[in-house]
Structure formats: structure tokens, C-alpha cells
Amino acid sequence: MNLFQIITELEKVDPEIADRLTHRRSALSALGSFGKKAALAAAPIAIGSAFNKAVGQNTLTAVNDVLNYALLLERLEYAFYDQALRAPALAANLTSGSAARGAIETIRTHELAHVNLLTAALGSAAAAAPTFDFGTTAFSNYASFLTFAQAFEDTGVRAYKGQAGNIPRTLNPTVGGTQVNLLTVALQIHSVEARHAAHIRYMRRGAAAGAQTTIMPWIVGAEANMAPAAVYGAGVPAANFPAENNLVQAGITLTTGIGATYTEADVSAAFDEPLDNTTVTNIARSVAKF
Amino acid sequence: MSDSAFSFLGRTLRRRSFLRVAGATVASSALVLAGCDSNDDTETPAPTTASLTFSNDNFGLLNYVYLLEQLEAAFYQKVVSSFPSDFTAADRAAFTDLRDHEVIHRETLKYALGSNAYDANAGTNGMVFDFSSFALTSRTGVYTAARTLEDVGVAAYNGVAKLLQVVTDGSHLTYLKLLVKLASVEARHAAFVRDQLQASSFADTDIVTAAGDLAGLDTVKTPVEVTALIAKYVPVTIVATSLPTT
């Protein structure tokens, strides 16, 4: 299952879905940066009406589209950790009662909770669960496993960030017996994924984990640390989904533009960047079959 | 509270400059600073009446986040300027990074707010925070303080997103996309300082819900909840009740 398949399925019941998604995306793209403020000021009515139209088309179906995409990623992460915890080659490093196993079990528990929450929010609209094959490399040794884990967590953070603008702030469905705000829930998952990413990155410092002793919990530049470079690269379009070494925020180059001089390492690390769903799905398919 | 804690009001916001700030913020609808009575012609307004009221719009929300980043940056700056004696070289390097990240966050929000920043006219004499409630002379004390501030920051970012009011120029989406870029870095910070304080506590059950419908979700707090938690560090009364609540 991927987004294009989801859209194809939706087209069977809603022939205009592709058009609506396209319009919505272009309107959001047009509003993608502070740098376009001038353009917005020059053409407020044109952009404004395009945006209003886009909001009007952001139907529940489209939101379910976003939620099913999130569900796919959470299912992938859960399957990854669940398989890792049962992988023979990792048993020596993920020994019962160890801090490492405890951390991975904690993360697996969170991913399963995210799967359950998104499944409940989607109800009958939830996509069928695929099976995931991570190949022979991912679980062949501890260092490899943690490299994959870093890739999935950092990609997950970017994936949620990339959808934040696509979730209306006013959707408050009931999950189980509790009413939630969908945008808030998405960000609560987003920050948990970032906590996971920070911890996994630090685990890689260990001698048995590959002794990546310079790796930080935050992303410095677009340094992939042996994970796929695409995890830290630009999405499509790059103007809206810049690479992690992006130095421009709020329309200004922060290394030199705001009074003092800041290093590229600090500026890039101070911000995580969003990623579009197509690039995220391509990254996932480059390391797993599903 | 120390004299320095009130320099923001006592020195910076003397009556004349106070009026300039108030005028600018009224014009921009960014926020309202209140605190001077009609007889206030001295250079030291009564501190107990000083308050910082965030306005009921997106600029109010951004100023609220800006204040949090100012608080975090000031905290790390204080630590970096006088490391506890048991800080390792790795601790020092990490806290220098954390300081730099938070200063960059602060300056980015200040730039984004422009004339709508609540302290746009305060010059170099910004808010002076009071960290006397923290024990900053030991590694444990410093990491405990950092954990408190970072976890609050994560909860604040998670709570502010849905409050951004939809405006016709689409700027709410621009703000949302900027804030979420900072939010996950705050979560990385939080995980790091938690792990340093207590191994593998990066996502413990005190911050990530363990069971029930909301299992697996990070903490979320409203501006009113957050400002109550940080009140002791801020030398003025913060009024967050005017901010959007839905």
C-alpha cells in the first residue's frame, strides 16, 4: 500500500480526488515560506481565494489519506522493532533486562500505541495492514539495526512535520472513549518520534553499536551517519521540503542574517525539516518491502 | 526577588519607554503591557502590578512561544557562563550546543515577529529571568533544571499548534510550519537531557502516556498551564488567559 494506491482506490469512489489533492497541495506550496510574504501582499485576493478553495476541499477523505499514511509508517516502525527484538543476531546486544532492550521495547510499545490510536481514529477507513520485509541487512548486527532505526525515526519526524499543515485544526474525533484534536495528536506523536530519534542516535555511540562517538541527538547538517542520504536530503519540491542542512528560516539566512554569526552546524541542528509523503514512501521502500 | 530580575521594568521600561512599547503594541495588536498607574512618574513602577498580557491572536501565540525560547536561551546562557564543577567536557560541549540552538530559536522568532515582538522596543535590555529556584551548582541540578524546561517546552509546542487562528493570508500555516520545525528539536533536547540525568528516561511514563486511549502520546499543555509553570522564572506576571483557547 502506498499513497498512490490509496489515491487510486479513492478515485474509484471519488473521481475528483486527484484534482482536489493537487489544488490543495499547490495552494499550500504557494504559502510555503516567509519569503513569499511579499508575493502574498501583492496578490492577497488570488492566493487567499486559492487557499480558501483548498480548505474547502480538504475533506474528511483527504484527512483519512494523511492518517492512513501515518498509520503505514507506524506499522512499519512497529514491525521493525518487533522483528528486531526477536532477531537471533541481535540477541547478544538486546539481552533481557539490558538498558538497550528496555529502550527498544519502550519504543516498540509507543509505535504499537500509535498504530492503535490511528486505527481507532480511522475506524472503517483504516487501510489493511501490510507485512514488512526488512531484508537481510537490517537485523544482521547491532550497528546495522541502529542505523536503520535512526533512519526510520528521523524519517518519521520529518514525515509528521510534512503533514502538519494538512490536518485542519478543528477536527476533534472520538478515539476509544476520548475526544481528541487530530492536529494536536499528530504533534504529540511527532515529538515522541523525535525523542526516539534522539535516543537511538545516542545509542549508536556505544562500542558495540558502531562507536559513532561524534553523533548527536540532533541532526547536524545533512549528515546521514551511514543511514540513507535521502533521509536527510531535500523532498519535492525542495523549496517546501528542504534538506536538513537548510540554513534559511522565516525567510532569512540565519548564519549571518540576524545580527550575530552562527555556525552552519548550529543553525541546521536548531531546526528539523519536513518531508513530503512521496519522498518518505520512496525512502521506506528503499529499505523495506511492503 | 533580586534587583536584576526587575531590570526589565525598573531600567528598561521607565515610564517613557514603557509608553513607546505600549503604543507600538497597541498599534500592532501584539500584546499589552500594563502596570503603570496614573501617578507613576517615577523610574521604578511598582513591580507587583507589572504584567505581560498576550493578545488574542496569532501574534499573541508567537510572543508566548518567543518568551519560552527567551527563557530557555537565558537558562543555557547562564549555565554556559558558569559550568558546574562536575560538568564533563562532553556536558560542556552539549550545553554549548543547546545554548546555541535556543539562541537561534529565540532570534528566529524575534525576526519573524518583527515589530510585533512584545519587546521590540526594549533594545538590548530584554527580560531578565530568575533561575534562583534551580540548583545550578551541580551537574545533577543543571540537568534537572534543563529537563524541566525542555519537557515544558515540548508540551507547549504541542499545545500551541491547534490554537493558531486561520487567517485569510495563510500566515497561520507559515507559522505552524515554522513552529513544528522547532518543536521536534526541543523534543530531541528533552530526550537528551533526560537520558543524561537518568539513563533511558527519554520517553518515560511521566511524559509519554502509558495506557488508555491516549497511550503513546507526548505531553500537551495549554498556554495557561505553561505560564503557570514558568511564572517563577519570569519577573512579570504573565497573563495568558486572553490567548485563543480553541
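Helix H7 of chain A passes helix H10 of chain A in a left-handed crossing, where left-handed means that the near helix is turned anticlockwise from the far one by less than a right angle, and right-handed that it is turned clockwise. Helices here are DSSP runs of H or I with at least four residues, strands are runs of E with at least two, and both are numbered from the N terminus. This is a predicted model, in which local features need pLDDT of at least 70 and side-chain atom pairs count only at pLDDT 80 or more, while totals for chains, interfaces and linings use all residues. Residues are numbered from 1 along each chain as its sequence is written, and chains are lettered from A and ligands numbered from 1 in the order in which they are written.

## Two helix pairs

H7(A) covers residues 142–163 and H10(A) covers residues 277–287.

| Helix pair | Axes come within | Crossing angle |
|---|---|---|
| H7(A) and H10(A) | 10 Å | roughly 165° |
| H3(B) and H4(B) | 8 Å | roughly 150° |

Angles under 35 degrees count as roughly parallel, over 145 as roughly antiparallel, 65 to 115 as roughly perpendicular and the rest as oblique. H7(A) and H10(A) are therefore roughly antiparallel to each other, and the word roughly antiparallel also applies to H3(B) and H4(B).

Two residues are in contact if their C-beta atoms, placed from the backbone, lie within 7 Å. On the H7(A) side, Phe148(A), Ala151(A), Thr155(A), Arg158(A), Ala159(A) and Gly162(A) take part, and they meet Asn277(A), Val280(A), Ile283(A) and Val287(A) in H10(A). By class, this contact of H7(A) with H10(A) has six nonpolar, three polar and one charged residues. In these classes Ala, Val, Leu, Ile, Met, Phe, Trp, Tyr, Cys and Pro count as nonpolar, Asp, Glu, Lys and Arg as charged, and the others, Gly among them, as polar.

In chain B, H3(B) spans residues 58–81 and H4(B) spans residues 89–113. Their crossing is left-handed, and the residues of the contact of H3(B) with H4(B) divide into 14 nonpolar, five polar and six charged.

## The two chains and their contact

Chain A has ten helices and four strands, whereas the secondary structure of chain B comes to seven helices and three strands. A residue is buried if 20 or more other C-beta atoms lie within 10 Å of its own, exposed if 12 or fewer, and partly exposed in between, with C-beta atoms placed from the backbone. Of the 290 residues of chain A, 46% count as buried, and in chain B buried residues make up 52% of the 246 residues. Among contacts in chain A with a separation of 6 or more, 70% involve residues 24 or more positions apart, while the corresponding share in chain B is 73%.

The contact between the chains takes 61 residues from chain A and 46 residues from chain B. On the side of chain A that touches chain B, H4, H6, H7, H8 and H9 each supply at least two residues, and the largest share, 16 residues, comes from H8(A). The residues of this side of chain A divide into 36 nonpolar, 19 polar and six charged.

## Local features and confidence

The loop between H8 and strand E3 of chain A holds Pro237(A), and the peptide bond from Val236(A) to Pro237(A) is cis, with omega near -5°. Met226(A) is found in the loop between H8 and E3 of chain A, has phi near 75°, a positive value in a residue other than glycine, and counts as partly exposed with 17 C-beta neighbours inside 10 Å. Ala250(A), placed in the loop between E3 and strand E4 of chain A, has a positive phi near 55° and is buried, with 23 other C-beta atoms within 10 Å.

The predictor's confidence in each residue, pLDDT, runs from 0 to 100. For chain A the mean pLDDT is 84, and 79% of its residues reach 70 or more. Over residues 1–60 of chain A, however, pLDDT stays under 50, and for this stretch the model has 68 contacts beyond four places in sequence.

Definitions and conventions:
Axes fitted to C-alpha atoms, helices over the stretch in contact; angles between N-to-C directions.
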